[in-house]
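Subject: Model with ligand, for your files

Hello,

Here is the model with its ligand that I said I would pass on. Please look it over alongside the notes below.

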Amino acid sequence: MMTASLSPTSGSMTALCFTEPGSPDVLHCESLPIPQPGRGEVLVRVLAAGVNRPDLMQRAGLYPPPPGANPRLGLEIAGEVVACGAPLEGVRMPEPGSRVCALTNGGGYAEYCLAPAGQCLPWPEGFDAVQAAALPETFFTVWSNLFMPKPVAAGERVLIHGGSSGIGITAIQLVRAFGGIPYVTAGSAEKCALCEKLGAIAINYREEDFATRLRELTDNTGVNLILDMIGGAYFDRNLKSLSVGGRLVIIALQGGAKAEQADLARIMTRRLVVTGSTLRPQDSAAKALIARQLYEQVWPLLSSGAISPLIDAILPFSAAAQAHRMMEDGTHLGRIILVPDAKA
Ligand SMILES: NC(=O)c1ccc[n+]([C@@H]2O[C@H](COP(=O)([O-])OP(=O)(O)OC[C@H]3O[C@@H](n4cnc5c(N)ncnc54)[C@H](OP(=O)(O)O)[C@@H]3O)[C@@H](O)[C@H]2O)c1
């Protein structure tokens with residue numbers, strides 16, 4: 001039962017859909033009923049939505065949504081709260097009319113989207129909808145994987161694979177902001193230059209072996225922490241790149257899920273920790289805890305301008321297929337954001 005609303009929220013909306021998995025061309029607009037918020041949820045009029053690689057994988061049929069999730073694309077949005085469901089004990093409900101960005105449970109590529117209230121955050125000061133929409137997916141992912149188990153300490157060396165990706169840029173900025181030293185891999189001189197401008201030490205993985213170069217750069221000691229999105233193809237070299245007590249966090253498997261040639265002795269002799277996670281299947285309580293920590297520890301950095309998302313392209317929802325192609329081509333530097341058509 002809805003308890004508060006700002007404007008009439010019944011009727012239909014336009015949403016990006018796909019019937020069968022496939023190429024970006026399977027994406028098309030459909031008219032759907034505007035969803036109604038349940039207990040602990042808010043309905044957001046979407047002003048911008050982020051495009052993330054997990055969207056591409058889901059569209060291609062490689063990353064099915066977890067049970068109970070909205071099966072449509074769009075994991076993060078920014079917009080205006082237009083209706084609130086019944087309150088949920090222990091969860092602060094945003095007021096109708098407030099501007100929020102949210103980690104959704106799917107369905108962000110649409111004019112309206114539901115979000116659990118605990119997964120909503122206010123726009124940082126001075127932010128517009130496009131910048132706010134670029135925050136949730138990468139900040140929730142990087143914070144929960146790199147900082148929640150054990151905060152990155154000043155002087156710690158952190159290797160971030162895919163430094164120029166949305167995830168990579170967020171990781172560089174957060175590691176730097178908390179006093180760590182970011183090292184990255186990236187696949188072109190232009191991408192390396194961008195990462196260096198952000199304060200990272202970059203290795204072009206297409207031109208040299210990253211593990212060999214990292215050993216040179218760290219006087220043979222390696223790094224304390226690795227954020228990895230490659231998996232199998234890098235597993236042995238990641239183990240080789242960690243110093244004693246180091247931690248490897250795997251968040252994607254772009255280089256495969258199998259690592260048959262890895263030397264596991266390195267885990268024992270250097271007392272390494274190998275871990276990983278996916279954000280989407282975690283429950284709302286876990287996501288709300290991440291949101292609270294981000295609000296306390298990271299939102300002030302965004303509001304002060306100490307860190308900010310890097311936007312590569314802004315496209316209308318009707319060009320979502322083009323946005324997916326751009327990300328698949330891999331030429332983007334930072335985030336690709338969709339906005340309602342009239343605003344593009
Ligand atoms: N576990 C989770 O909860 C979670 C959540 C969000 C995202 N992710 C994952 O995080 C990754 C980044 O996501 P995104 O949305 O930021 O996508 P993105 O911008 O498309 O980033 C993909 C990155 O992978 C890099 N890459 C590909 N092969 C590489 C290699 N061999 N060595 C080093 N880098 C390589 C690409 O760099 P080059 O172009 O330089 O090759 C590119 O920067 C994706 O794999 C995504 O699935 C995981």
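What follows is about the ligand and the residues around it.

Please keep in mind that this is a predicted model.

Location. The ligand takes up the space of the largest pocket. Residues of the shell around the ligand come from both domain 1 (12–135 + 282–339) and domain 2 (140–276), so the ligand lies between the two domains.

Shell. There are 29 residues around the ligand, and those that come nearest are Arg53, Gly187, Lys191, Tyr205 and Tyr234. By class, the shell divides into 12 nonpolar, 13 polar and four charged residues. Two or more shell residues are given by each of these elements: α1 (53–59), α3 (136–147), α4 (166–177) and β10 (181–186). Of the elements, α1 gives the most, with three residues.

Tyrosine 234 has a side-chain N or O atom 2.6 Å from a nitrogen atom of the ligand. An oxygen atom of the ligand is 2.8 Å from an N or O atom in the side chain of histidine 332.

Cover. On its own the ligand has 910 Å² of accessible area, and the protein covers 91% of that.

Regards

Key
Residues are numbered from 1 along each chain as its sequence is written. This is a predicted model: local features need pLDDT of at least 70, side-chain atom pairs count only at pLDDT 80 or more; totals for chains, interfaces and linings use all residues. Side-chain values use heavy atoms; hydrogens and water are left out. A residue is near a molecule or strand if one of its heavy atoms lies within 4 Å of it. A polar contact is a pair of N or O atoms within 3.5 Å; within protein, one must be able to donate a hydrogen and the other to accept it, and residues adjacent in sequence count only if both atoms are side-chain atoms. Accessible areas come from the Shrake-Rupley method with a 1.4 Å probe; for residues, only the protein chains shown count as cover. On a 1 Å grid over the protein atoms alone, a cavity is a set of points where a 1.4 Å probe fits but cannot get out, and a pocket is an open set with protein on both sides within 12 Å along at least five of seven lines; lining residues have an atom within 4 Å of a point. A molecule sits in a cavity or pocket if more than half of its atoms lie within 2 Å of its grid points. Helices (H or I, at least four residues) and strands (E, at least two) are DSSP runs, numbered from the N terminus. Ala, Val, Leu, Ile, Met, Phe, Trp, Tyr, Cys and Pro count as nonpolar, Asp, Glu, Lys and Arg as charged, and the others, Gly among them, as polar. Domain bounds come from an automatic or database domain assignment.
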